[in-house]
Structures are given as structure tokens and as C-alpha cells.
Amino acid sequence: MGAKQPTDLSAELAAELEALDLAGRLRSVEGRAGASAAPNAPIDFTSNDYLGLASHPRVIEAGRAAMARYGAGGRAARLLGGGAGHGELESLAADWLGTEAALFFPSGYQANLGLLTSLARAGDVVFSAAANHASIIDGLRLAKARVVVFDHRDLIELEEKLRTEPASKRRFVVVEGVYSMDGDLAPLAALDSMCKRYDAYLIVDEAHSVGLIGPGMRGAAHALTNDPETRLIARTITGGKALGTGGALVVGSRVLIDVLLNRSRSFIFTTASTPALAASFAEAIAVVKDEPELGRRALVHARALATALDLPVPEAAILSVVLGDEQVALKASTALWNLGFDVRAVRPPTVPAGSSRLRIVTHAFHTKSEVERLAQAFRDLDLIRQIQVTPASREQVHAPLAKAVAIAGTGTDVGKTVAAALVSRAYKGTGDVCYWKPVQTGADSDSETVRRLAALDKTEVAEPSWQLALPASPHEAASAEGVSVRPEGLAAALLELRKGAPTSRLVVELAGGLLVPYAIQDGHADLQVDWLRRVGVPAILVARSGLGTLNHTLLSLEAMRTRHLVPVMILLIGPRHDSNAKSLRELSDGTPVIEIPVFQVLDTNTLDDWLRSSTGCEFARLLERL
């Protein structure tokens with residue numbers, strides 16, 4: 001067999017770029033924005049320089065003076081003496097925003113990465129809005145906390161997840177003050193109230209709101225600072241939007257900033273921003289304080305344009321004109337460019353498929369005539385008729401679903417069914433319970449075993465969605481019968497069970513180990529751990545107590561952590577092994593480890609006796625916190 005020929009990487013990458021159809025998306029800006037733009041340049045309706053401060057004489061002069069005084073470069077990381085003028089900016093910003101302290105990062109992306117990886121630790125849970133910026137998403141991917149995503153501005157879903165999510169060390173809710181794509185505000189007052197009820201802390205990215213919205217143009221969340229009991233603990237203030245410069249600040253308590261100074265890798269291990277940037281940022285804040293009418297003017301233009309296009313009145317200076325099809329949006333952008341308007345198309349993967357759009361930004365430097373001319377261009381191109389109105393978001397509270405817990409294992413025959421019986425029996429003693437095994441393989445019925453051991457009625461045991469004869473992995477057992485287990489079908493069945501008995505406790509026993517696949521197709525495996533992540537059900541991890549458990553358990557924990565899952569507890573089943581239990585307590589980031597002995601007689605009375613023991617009482621207390 002001949003040797004494999006080397007591939008031409010350049011050719012492959014060029015083909016990928018051609019498929020993306022990126023031509024024209026990196027149009028250069030000729031000259032500066034606003035009144036200083038080059039003659040005949042398209043009018044800027046796309047940049048985030050809402051107030052035109054990038055061209056403001058005071059902002060430019062502040063940067064020039066700092067460069068003349070301190071030089072062009074940041075010189076070193078802040079902790080090694082870099083960053084002239086940064087302390088002055090931080091003090092000014094903290095005073096303006098009514099916080100104890102602030103910390104300056106080279107970019108908003110680094111600020112969010114540094115903030116979230118420093119605060120969200122193992123054992124914590126973070127509730128993140130689905131429309132959050134990529135910097136928030138990536139920061140949470142790098143953090144060790146469990147992440148729970150809720151739909152855009154959907155307080156119904158968030159309240160349900162706050163109510164049903166298992167106990168954790170700390171809880172955080174992360175949102176944007178103004179969302180960068182739709183331009184709508186987060187319901188911050190309601191979120192703060194919800195955080196108070198569910199003992200969570202609120203983090204707000206103010207990138208698109210500072211300079212435009214709130215008391216003194218200090219951001220969407222600034223009003224919350226007047227409440228001495230607010231749960232708002234951190235805000236990210238970006239310089240590269242309304243402030244017309246660059247970099248970003250995290251503002252909050254002195255303790256918060258000290259934590260960032262000691263933990264934030266994106267601050268500690270990067271060269272400081274230039275003195276010119278820090279000085280320009282500080283002067284931009286001064287301009288906003290002196291000229292609040294700039295923000296009001298940008299908002300007036302946004303509302304006038306929305307009225308002309310028959311769109312809902314915007315809450316910020318962003319209009320999201322959804323056209324649906326990618327090619328329609330791209331052609332509209334090109335046509336508007338040819339008419340003298342810089343309006344960019346936004347398409348997947350930045351926005352969901354089928355929601356390609358034109359993102360229009362109004363600025364303080366626009367004239368009334370320019371806004372009217374853009375509206376007329378929409379009419380001339382017959383674009384208004386093609387605009388799709390997006391449905392309103394949900395901001396009320398609905399009835400709860402049944403609380404559920406999954407029983408997952410590090411492998412086969414580790415004791416998951418005994419664990420499921422113990423959990424079911426403990427819950428039966430305090431209220432209604434329902435046990436469900438989504439996929440049963442082999443002749444033995446785990447459902448019948450749990451029903452007998454936990455003394456459940458038949459009505460308290462749901463039928464498996466799949467009963468497969470071969471005692472093997474779900475994907476192999478299904479393949480033997482010429483069928484395929486569909487994870488989305490199991491998710492739908494789970495939802496129906498939770499809807500059907502909202503006051504019950506639902507105990508869900510998985511098959512085999514966490515990384516066992518439900519299905520394998522085209523080289524892709526639908527693993528049980530991925531299904532667990534999608535359905536958002538907390539899990540108990542069951543492992544053997546003896547030889548080999550450290551490797552299997554730590555690998556299972558690693559698989560969970562990479563998906564931002566943290567088990568409620570680890571159950572070690574079998575003969576007592578003090579060394580393994582001690583090691584897992586040290587290595588599991590605070591996850592409780594409960595040891596369950598080998599029961600010589602396995603029946604309901606034995607389970608009850610154990611549940612009355614001191615260890616059993618601790619086990620029951622952990623379950624009640626779910």
C-alpha cells in the first residue's frame with residue numbers, strides 16, 4: 001500500500017473560506033466615523049461607536065497626551081509594573097459607577113473570561129442567558145462550574161431552573177444589560193428579585209448599555225445599585241462601544257477586584273493596555289458625564305427609524321431587522337451599501353438558522369435627514385414587506401415541573417439499581433415518587449427490582465421507553481433488533497413525565513456507565529452524559545467502593561466537568577474502603593461522598609434501616625435539597 005499523499009492545507013482552507021462566502025464582509029472604513037468620515041463614504045449604520053466618541057477631540061487629545069508622556073506601549077503585565085494611568089481610570093470609573101473598585105482589562109473578551117473563570121468555581125452553578133455574547137460563553141466553558149442555559153429573556157424557564165436545580169456552593173445568573181444582536185434589555189429588576197428569592201448573584205455585561213441607558217447614562221443595571229440588598233455583584237463595562245475607545249472594566253466590590261487580581265489569568269498573564277487607551281477611556285467617561293444628550297440623541301434616531309420601518313420601539317440604539325434567508329440579508333446589505341448606507345448582514349452561526357438579519361445601529365452623529373433617507377431606501381428596495389417580527393419573550397412564571405434526579409454510574413453492575421431504590425424509598429417517605437428507567441436492556445427488569453425494594457405501587461413506576469432483549473449497551477441492543485434509540489425522544493418522554501406529576505419526585509436510572517452511547521451514527525455517538533446535559537437533570541454518580549474505582553470515578557467526573565455537570569453526590573457501594581473514599585473526597589471538588597455497605601439481606605426493611613442510620617440521614621438531607 002502506497003504512502004498517503006500529504007494534503008495541501010492552503011488549498012483546503014481556501015475552499016472552506018470560499019464556501020463561507022465571506023467576500024465583502026470586511027469592508028474597510030475610509031477615514032473616521034461621523035462628521036469626519038471621508039467624502040462619499042457610506043454612512044455608518046453598523047459600528048458600535050454610538051456616541052461618536054472615537055472621533056471626539058477631547059478623547060483623541062487625552063490619548064495623544066498620554067502617549068507623549070508615557071510612551072506608546074503597555075510595557076509589561078500590570079503586576080510587573082505595566083499600565084501607566086490605569087489606576088486613575090479605575091478610580092474614576094468606580095466613582096462614576098458607584099462601586100468600591102474597578103479593574104481594567106485589555107478587552108471586553110478578556111474581562112469576561114477573567115471574571116467568570118475567577119468567580120465560577122467547582123461546585124457552583126451558573127445560569128446563563130442563551131443570547132449571551134461569545135466571551136461569556138467561552139468564559140463559562142473554561143470555568144469549572146456547572147452551566148445551565150435559559151432562553152432569551154425567559155423568566156419562566158429561569159425561575160423553573162432556579163427552583164429545581166440541586167444545591168450548590170453558589171449560584172450566579174449572567175446576562176447582558178442590552179443584548180448585542182436584538183438590542184433589547186434584560187429584565188434586570190425582575191432578575192435581581194429572582195436572585196434574592198433563590199440565593200443567586202447577578203452578573204451583567206453592560207457593553208451595549210453604558211453611555212446610552214440608565215441614570216446618568218451609567219448602564220442598564222445602574223439603578224440596581226440604589227438597593228442595599230441588590231444581588232448585583234459585578235458589571236463588565238466595555239470601552240469599545242459607546243465610549244469609543246477599547247479595553248474593558250470589571251466593577252464591583254473591593255473583595256471582588258482583589259479576587260480578580262489573584263485569580264484572573266486573562267489579567268495576570270497579559271501585557272497591560274497602552275497608556276493612551278487608558279487615558280482615552282477616562283476622558284470618554286468625562287464626556288458622557290458632561291454631554292448626556294449624546295446618548296439621548298442616538299436613542300431618538302433609533303426610535304424614529306423603527307417607527308418608519310414599522311418595527312417595535314427599540315429599547316436601545318440597535319434595530320434587528322430579521323429577513324430570514326441568508327442570501328436575502330446579504331443582498332439587502334449590498335444594495336444598501338450601493339445606496340450609500342453601511343448596514344451589515346448577520347447570519348449563522350452568529351444568529352440561529354432562518355433568522356439572518358440586518359443589524360442597524362443609530363448614532364448620535366447621525367442627522368434626522370440621514371435616518372429618513374435610510375428609511376426611504378428600505379421602501380425603495382421593498383425590504384419592509386420582508387421583515388419578520390420575532391415573537392415576544394416570556395416574562396411571567398408558570399407552574400413547576402416534577403423535580404427529577406438521575407442515577408448515573410461509572411460502569412455496569414456498580415449498584416445503580418440499589419441506589420435508585422434507596423432514593424425512591426427516601427422520597428416515598430416524604431411524598432409522591434415515580435421511578436423511570438428510560439432504556440432497559442436484557443431480561444432482568446430493574447423497574448420491578450426498584451418497585452419491590454422501595455415498596456412502590458405500580459402507578460409509581462413508569463414503563464421504559466425502550467425494552468431491548470440483548471443485555472448490552474443501548475446502542476448495541478437496539479442495533480440487534482434493527483431499531484435506533486433516539487435521545488430526543490427520551491427527552492420528550494422525560495418532559496411528559498415531569499408535566500404529568502408536578503408534585504412528585506422523579507427518579508431516572510440510566511443504563512451502564514455515563515459514556516455509554518444511546519446511538520452511534522456516521523461516527524458520532526449520542527452519549528448518555530450528553531443527554532443528561534441537554535435535559536438539565538441533576539445526577540447522582542454511583543461507583544464501586546473497591547479496587548479500580550479511583551480511575552473509573554475520576555474519569556466519569558472529568559467527563560461530567562467538561563460538560564459543566566457536577567454530581568449531587570457520589571455513592572460508593574460495596575465493602576468499606578477508607579482509602580478510596582478519602583481520596584475521592586479530596587479529589588471531587590467538594591462533592592459529598594456517601595458510602596453504602598453490602599446488604600446481606602436486600603429488602604425494604606434493610607433499606608429503611610440504613611436510611612435511619614447517621615449516614616442514611618445525611619443521604620436523605622442531600623436528597624431533600626434537590
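Predicted model: local features only at pLDDT ≥ 70, side-chain atom pairs only at ≥ 80, totals over all residues.

Reader: Happy to start with the helices. At what angle do the axes of helix 2 and helix 10 cross?

Author: The general idea is to look at the angle between N-to-C directions, where over 145 degrees counts as roughly antiparallel. Here helix 2 (residues 57-70) and helix 10 (residues 275-290) cross at roughly 150°, and their axes come within 8 Å. That makes helix 2 roughly antiparallel to helix 10. The crossing of helix 2 past helix 10 is right-handed.

Reader: Which residues make the contact?

Author: On helix 2 they are R58, V59, A62, G63, A66, M67 and Y70. Helix 10 brings P275, A276, A279, S280, E283, A284, A286, V287 and D290. Sorted by class, the residues of this contact between helix 2 and helix 10 are eleven nonpolar, two polar and three charged.

Reader: Now another pair, please. How are helix 14 and helix 21 oriented to each other?

Author: Angles of 65 to 115 degrees count as roughly perpendicular. Helix 14 (residues 416-428) packs against helix 21 (residues 604-612) at about 70°, with the axes 10 Å apart, and the two helices are therefore roughly perpendicular. Their contact involves A421, L422, R425 and A426 from helix 14, together with T604, L607, D608, W610 and L611 from helix 21. Six of the residues in this contact are nonpolar, one is polar and two are charged.

Reader: Let's finish with the loop residue. Where is L456 found, and is L456 buried or exposed?

Author: Look up the place in the chain, then the accessibility. L456 lies in the loop between helix 15 (446-453) and strand 16 (461-462). Under 20% relative accessible area means buried, and L456 has 3%, so L456 is buried.

Reader: Which residues does L456 touch?

Author: Leaving aside residues up to four places away in sequence, L456 touches S424, K428, V433, Y435, V450, R451 and V461. As for G87, 369 residues from L456 along the chain, the two C-alpha atoms are separated by 65 Å.

Terms used: Residues numbered from 1 in each chain as written. Heavy atoms only, no water. Axes fitted to C-alpha atoms, helices over the stretch in contact; angles between N-to-C directions. Helix = DSSP H or I, 4+ residues; strand = E, 2+ residues; numbered from the N terminus. Parallel < 35°, antiparallel > 145°, perpendicular 65-115°, else oblique. Left-handed = near helix turned anticlockwise from the far one by under 90°. Contact = heavy atoms within 4.5 Å. Nonpolar A, V, L, I, M, F, W, Y, C, P; charged D, E, K, R; others polar. Buried < 20%, exposed > 50% of the residue type's maximum accessible area, 1.4 Å probe, protein only.
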